[in-house]
Amino acid sequence: MSKPSPYLDSAPLSPGDTVRLIAPSGPTDEESLQRAIAQLESWGFDVVPGANVRSRHPRVKYLAGTDAERRADLVHAWCDPDTDAVIALRGGFGAMRLLDGIDFDLMRRHMLRRDGRPKLLTGSSDITALHQAWDHHLSVATLFCPMVGNDPFKNSTVVPDEVASWLFHPWGGRELGFPAEASTEGTAAAEQTAATRPLSRAQTLVPGSARGRLGGGNLSLIAAGMGSPELIDVRERREHRGPSILMLEDVDEELYRLDNLMVQLVRGGWFTSADAVVLGSWEDCAPVHEVEALMIDYLGGLGIPIVSEMGFGHDPDAPSAPLGVDVTLKAEPGERPRLWVDHAGGQA
C-alpha cells in the first residue's frame, strides 16, 4: 500500500510555484488558452505552456496535435525539475492514446518536486486515463477537477474559487461534494462563493458506511481502459491495496450506452475492490432517476453503500475530488450522505 499523500496536511501549491499547462486530449482556441493562462497567473503561478499546446492534428480535428507531440509535452512537463504541477487545459479525447509510449520508470524518477513532495496532476473527463495511469504506475494522489480551459472556468461563479481551495489548502478533513448549507464563516471571498454555490442534492440509494481509497472518474474512460496495464489487476486490487470507494460520472451518453459501459465494468471485475460507490453528475445523459435505477440494477446486490448526485464531473459547478487518498462515506438511512477526506493519521 502507498504512503498517505503529503497533501493531506500540507497545501499542494503556493503562489510562485511553476505549473506546466498542457493539452493531452482535444485542441483549444487561442481565447480559451489565454484565459486559462490569465487564471493561473492570477493565482500567482509561473505558467509554462507546453511547446505543442497550440498544435492541431494534421488529419483529425478532435486531437490537439499528434500523439507524439502531446506525449512529449506531458513527459517534458512532468520530468522538468522546476515543475510543481501539471495542469490539463481541457479534456475531449486522446489522453489514453499517449499511455503506451510513456516510460513510467522515467516518470517515476522525476515525480518529486524540489521540496521532496510529489508533483500534482490535475484535470477531469478524458484526463481520467492519466489519473488511472498515475495511480497504477506512480502511486501518487491526483486532483480530479474542472479544467481551466473549459466553460466552467468562464461561466461558473464558484468553480475557480473551489478549485483554488484544493490547490492552496490541505486536503485532510475536507468534505467532498456540494455543501449542505451556505457557509457563514471564513473570508469575505469565501463567504461570497459559498452564498452562490449550489447546495447538496446528494441522496442515498443503498445506506451504509465505508472507508477506503478514492478512485474512478469518467465511466466511459474507465470502461475503455478495462484490460489495459493500468486496470489489468482490478480483481486483486483489494487484496494488495486495501478497500476503495469508487466514483463514477459521465456526459452526453444515452441510457443504453451507460448500460453497455456498466456491463463492461461488472464483467471485468472493476467493482470487486469496491467498498462503496459514489455517483457524480450525468450531464446530458438520461434523467438522473433512470441512471440511478440502472446503477441499482447492476450494483444493488453487492451489499455496499451507494450514493448519488455528488456533483463530480461535468456539472456546470462541479466540485473537485482528490483521487488516491483515503476517504470516509457516511450514508445513514434518512440522512444526507457525507463524504470526506481522512486526515493523514487515518482518523475521520
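## Ground rules

A residue is called buried here when its relative accessible area is under 20%, exposed when that area is over 50%, and partly exposed in between, using a 1.4 Å probe and protein chains only. By that rule arginine 213 is buried, at a relative accessible area of 13%.

Please keep in mind that this is a predicted model: local features need pLDDT of at least 70 and side-chain atom pairs count only at pLDDT 80 or more, while totals for chains, interfaces and linings use all residues. Residues are numbered from 1 along each chain as its sequence is written, and side-chain values use heavy atoms, with hydrogens and water left out.

## Helix 4 and histidine 131

Let's start with helix 4, which spans residues 128–138. Helices (H or I, at least four residues) and strands (E, at least two) are DSSP runs, numbered from the N terminus. Helix 4 is largely enclosed by the rest of the structure, because 10 of its 11 residues are buried. Among them are Thr128, Trp134, Asp135 and His137. Just after helix 4 comes serine 139, with a positive phi of about 55 degrees.

Histidine 131 belongs to helix 4 and is buried, with a relative accessible area of 3%. What does histidine 131 touch, not counting residues up to four places away in sequence? The list is Leu121, Gly123, Ser124, Thr142, Leu143, Phe144 and Leu323, where contact means heavy atoms within 4.5 Å. With glycine 123 there is also a polar approach: a polar atom of the histidine 131 side chain lies 2.7 Å from the backbone oxygen of glycine 123.

## The largest cavity

The structure holds 5 cavities of 30 Å³ or more. On a 1 Å grid over the protein atoms alone, a cavity is a set of points where a 1.4 Å probe fits but cannot get out, whereas a pocket is an open set with protein on both sides within 12 Å along at least five of seven lines; lining residues have an atom within 4 Å of a point. Grid points are joined across faces, edges and corners, and a volume is the space filled by probe spheres set on the points. The largest cavity contains about 280 Å³ of space. It is lined by 20 residues, and those closest to its centre are Asp135, Arg213, Gly215, Arg237 and Leu246.

Which elements each supply at least two residues of this lining? They are helix 4, strand 7 (208–218), helix 9 (237–241) and strand 8 (244–251). Strand 7 gives the most, with 4 residues. By class, the lining of the largest cavity has 7 nonpolar, 9 polar and 4 charged residues; Ala, Val, Leu, Ile, Met, Phe, Trp, Tyr, Cys and Pro count as nonpolar, Asp, Glu, Lys and Arg as charged, and the others, Gly among them, as polar. Arginine 213 lies in strand 7, and its side chain is joined to that of aspartate 135 by a polar contact of 2.4 Å. A polar contact is a pair of N or O atoms within 3.5 Å; within protein, one must be able to donate a hydrogen and the other to accept it, and residues adjacent in sequence count only if both atoms are side-chain atoms.

## Salt bridges

A salt bridge is a side-chain nitrogen of Lys or Arg within 4 Å of a carboxyl oxygen of Asp or Glu, and the count by this rule is 23. Arginine 201 pairs with glutamate 309 at 3.5 Å, N to O. This pair links distant parts of the chain, 108 residues apart: glutamate 309 sits in the loop between strand 10 (306–308) and strand 11 (321–323), arginine 201 in the loop between helix 7 (188–196) and strand 6 (203–206). Arginine 201 also forms a salt bridge with aspartate 315, with the closest N and O atoms 3.1 Å apart. Here the pair ties together parts that are 114 residues apart in sequence. Arginine 201 is partly exposed at 37% relative accessibility, whereas glutamate 309 is buried at 18% and aspartate 315 is buried at 7%.

Arginine 238 and aspartate 275 meet at 2.7 Å, N to O. Asp17, Asp84, Arg113, Asp115 and Arg117 are linked in a network of salt bridges.

## The second largest pocket

The second largest pocket has a volume of about 630 Å³. Of its 29 lining residues, Gly92, Ser125, Asn150, Val251 and His314 lie nearest its centre.
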